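Let us walk through this structure together. Keep the sequence beside you as you read.

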Amino acid sequence: MNLIDSFRHQGLRKQLVNLLIEKGITNQSVLNAIGRIPRHVFLDNAFLEHAYQDKAFPIDEGQTISQPYTVAFQTSLLNVQKGDKVLEIGTGSGYQSCVLLEMGAKLYTIEYHHRLSEKAKYTLGQMGYKAQFFCMDGTLGLPQYAPYDSIIVTAGAPSIPETLMKQLKVGGHLVIPVGDSANQTMMRIIRKSENEFQREQFGQFRFVPLVGKHGWGK
Ligand code: SAH
């Protein structure tokens, strides 16, 4: 793990933030978080040089670290406020987790693959962040700590798991990409009352598949 944040990395990161602004990201706290977090720490050595390109890259277990634009877009839709209780499904490298933590979220994050969960826990710990890590099927949510101000799913789902909708606070946001394996629509579900949910659709994205009981299965 390369924790050193050189001037070169900082410069490249500033360019990345400018690119995200050009691509339409306006949420200042999201931009600030991305501007502060050394993304190269979350990548394997082979990709260090590319850490500040707006691209997804492979991590272990055939998974990917999401593209910065995707992280920025999804996080903007969540509307995270400092102190919010947030549930993340798909810890992966821990980069998206780090953005949420930097914005002041109280984070519960679930990853299916043990190795990825352990690695992200180690990386974020070394960086000085505190979160609760769980290794299990995230499509079941985490009812023992519910309800959440927001829930973010960072893998492509076949449909919106009702289990997750039920774990939202009234007023809470669920952001989840829904579609087939090639293409997903970013969806936002806002819980308006106990039984009322508002659904909105945003652009097209491409994520690795959400596995598990309410995902694509094993
Ligand atoms: N947010 C991550 C993106 C990781 S890719 C990052 O910034 O790096 C999506 C992740 O979701 C993968 O690591 C995959 O293993 C995980 N995943 C897929 N299905 C899951 C499930 N049912 N429960 C928990 N994690 C899951």
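Start with L3, which sits in the segment before α1. Helices here are DSSP runs of H or I with at least four residues, numbered from the N terminus. L3 counts as partly exposed because its relative accessibility is 40%. Buried means under 20% relative accessible area, exposed over 50%, and partly exposed in between, with a 1.4 Å probe and protein chains only.

This is a predicted model: local features need pLDDT of at least 70, side-chain atom pairs count only at pLDDT 80 or more, and totals for chains, interfaces and linings use all residues. Residues are numbered from 1 along each chain as its sequence is written, and side-chain values use heavy atoms, without hydrogens and water.

Now look inside. The largest nonpolar core has 43 residues. Such a core is a set of buried Ala, Val, Leu, Ile, Met, Phe, Trp, Tyr and Cys residues joined through side-chain atoms within 4.5 Å. Two or more residues each come from α1 (7–22), α2 (28–36), α3 (68–78), α4 (95–102) and α5 (114–126). The largest share, six residues, is from α3. Another core, of 22 residues, lies apart and includes L87 and M165.

I37 is among the residues with the most contacts inside the largest core. Contact means heavy atoms within 4.5 Å. Beyond its neighbours within four places in sequence, I37 touches R13, F42, Y95 and E102, among others.

Which residues does R36 contact, leaving aside its neighbours within four places in sequence? They are R13 and E102. R36 belongs to helix α2. At 48% relative accessibility, R36 is partly exposed. Its C-alpha atom is 8.2 Å from that of R13, 23 residues apart along the chain.
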